[in-house]
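Dear colleague,

Here is the structure you asked for, with the sequence. My notes follow below it.

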Amino acid sequence: MYPVFDGHNDLLLRIYLAPENRDAIWLTGEGKGHLDLPRMKQGGFVGGFFAIYIPSPEEASSTVNEEDKDKTPFIRSLPDLIAASQAHPVALSQVGHMMWMERASKGAFKMVRSVAEIRECLANDVIAGIMHLEGAEPIDADLDALYAFHAMGLRSLGPVWSRPTVFGHGVPFAFPSGPDLGAGLTDAGKRLVRACNELRIMLDLSHLNEKGFDDIARLSDAPLVATHSNANVICPSSRNLTDRQLAVIAESRGMVGLNYGTFFLRRDGGSSPEMGWEDVMAHLDHLLEKLGEDHVGLGSDFDGVPLPKGIGDVTGLPRLQRAMLDHGYGPALVRKISCDNWLAVLDRTWGH
């Protein structure tokens, strides 16, 4: 019904893990995952942030056994730090896959580096892809690689995923829990913030712990953005944002993208897709109350989390929009949440 610009997806990881099948994953669809080019067009997905993510070695994985995944309370240990030398080839491979996606789409998808390019894509029915780094493991402490990735198209960066980096500390997956877990940014992390501000690379606060969040809030001259996070008061996951953090984001004229992950939405912290729209709308209501209607968007985490049955995959976006309308949101507000607010915060962050 309305175009959707999305705050986060993990499609590049799917392609990286099965490169021999990338034509099916991207171009024609393979009947798996949440995203592919045909379904994006079917669901009204017009663009978003495409995450480059370095998977943890299996022995350090933070996943749990299937039978334990809905047991609460829980806290999962953080995986070990991954060295830049180990992360570089993985990240470069995913950059290459994103560049291949553009070529293979024959004009249907474009890597973008500015808001002007995004708007041009929207006007011409081209899906716009922003290169995002979820966890700064491929960046060395001296930051030389940051400038190289920026030259390749990097325009958004989260200093951490849910494990430590040389720059700071992510929150472990925990429920019930707040985000006040671990130390703040390192000296290298503070240099990273300043360099990202200089390059106008957007800093993503999702996954960052509370002390690191406060360090970025103090140091950064850009709007504070959490691309795929929810409200801790509704679902007390360590990954979700407290009301104090939401107030800080609002003060900066920043942005929060609603994460569709069931264990970040459900009040019970469970992962089951068997849920209605009540908890989804509770998060949106709370984010709108605390941030205002110009500062809330969508940050699906497609291909990274289990989704509510009502969404299912990218073709479920019109159902989500219908749920917002049925909940009482007017068409103009649904349009802002779906697309326009992301373009506005990127204007404030990157410049015109």
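Asp-140 is buried but has no salt bridge, and the nearest side chain of opposite charge, that of Arg-191, is 8.1 Å away. Please keep in mind that this is a predicted model. Asp-140 sits in the loop between β5 (127–134) and α6 (144–152). A polar atom of its side chain lies 3.1 Å from the backbone nitrogen of Asp-144. Not counting residues up to four places away in sequence, Asp-140 touches Ala-84, Ala-145 and Phe-167.

**Salt bridges**

The whole structure holds 20 salt bridges. Arg-163 and Glu-137 form one of them through their side chains, at 2.6 Å from N to O. Arg-163 belongs to the loop between β6 and β7 (174–175) and Glu-137 to the loop between β5 and α6, so this pair ties together parts that are 26 residues apart in sequence. Arg-163 counts as buried because its relative accessibility is 0%; Glu-137 is also buried, with a relative accessible area of 3%. A network of salt bridges with shared partners joins Arg-14, Glu-30 and Asp-303.

Arg-39 and Asp-36 meet in a salt bridge as well (2.6 Å, N to O), and both residues are buried. In the salt bridge between Arg-119 and Asp-347, the closest N and O atoms are 3.4 Å apart. That pair links distant parts of the chain, with Arg-119 in helix α5 (residues 115–123) and Asp-347 in helix α13 (residues 331–350), 228 residues apart. Arg-119 is partly exposed, with a relative accessible area of 43%, whereas Asp-347 counts as buried at 16% relative accessibility.

**Nonpolar cores**

The largest nonpolar core has 93 residues, and Ile-139, Leu-146 and Leu-157 are those with the most contacts inside it. Helix α4 (residues 84–104) gives the most to this core, namely eight residues. A second, separate core of 19 residues includes Ile-118, Ala-128, Met-202 and Trp-350.

Asn-9 is part of strand β1 (residues 4–9) and counts as buried, because its relative accessibility is 0%. Its side chain reaches the backbone nitrogen of Leu-11 at 3.0 Å. Beyond its neighbours within four places in sequence, Asn-9 has contacts that include Leu-35, Phe-45 and Phe-302.

Ser-156, in strand β6 (residues 154–158), likewise counts as buried at 0% relative accessibility. The side chains of Ser-156 and His-132 make a polar contact of 2.8 Å. Leaving aside neighbours within four places in sequence, Ser-156 is in contact with residues including Phe-49, Ile-130 and Met-202.

**Helices α8 and α9**

In helix α8 (residues 210–219), the buried residues are Glu-210, Gly-212, Phe-213, Asp-215 and Ile-216. Their cover includes α7 (187–199), β8 (202–203) and α9 (243–251).

Which residues of α9 are buried? They are Gln-245, Leu-246 and Ile-249. Seen down the axis of α9, these buried residues fall within an arc of 100°, so they line one face of the helix. An α-helix has 3.6 residues a turn, so residues three or four places apart point the same way. The buried residues of α9 pack against α8, β10 (255–258) and α11 (278–291). Just after α9, Arg-253 takes a positive phi of about 60°.

Regards

Notes
Residues are numbered from 1 along each chain as its sequence is written. This is a predicted model: local features need pLDDT of at least 70, side-chain atom pairs count only at pLDDT 80 or more; totals for chains, interfaces and linings use all residues. Side-chain values use heavy atoms; hydrogens and water are left out. Helices (H or I, at least four residues) and strands (E, at least two) are DSSP runs, numbered from the N terminus. Buried means under 20% relative accessible area, exposed over 50%, partly exposed in between (1.4 Å probe, protein chains only). A polar contact is a pair of N or O atoms within 3.5 Å; within protein, one must be able to donate a hydrogen and the other to accept it, and residues adjacent in sequence count only if both atoms are side-chain atoms. Contact means heavy atoms within 4.5 Å. The arc is that of the directions from the helix axis to the C-beta atoms. A nonpolar core is a set of buried Ala, Val, Leu, Ile, Met, Phe, Trp, Tyr and Cys residues joined through side-chain atoms within 4.5 Å. Lys and Arg count as positive and Asp and Glu as negative; His and the chain ends are not counted. A salt bridge is a side-chain nitrogen of Lys or Arg within 4 Å of a carboxyl oxygen of Asp or Glu.
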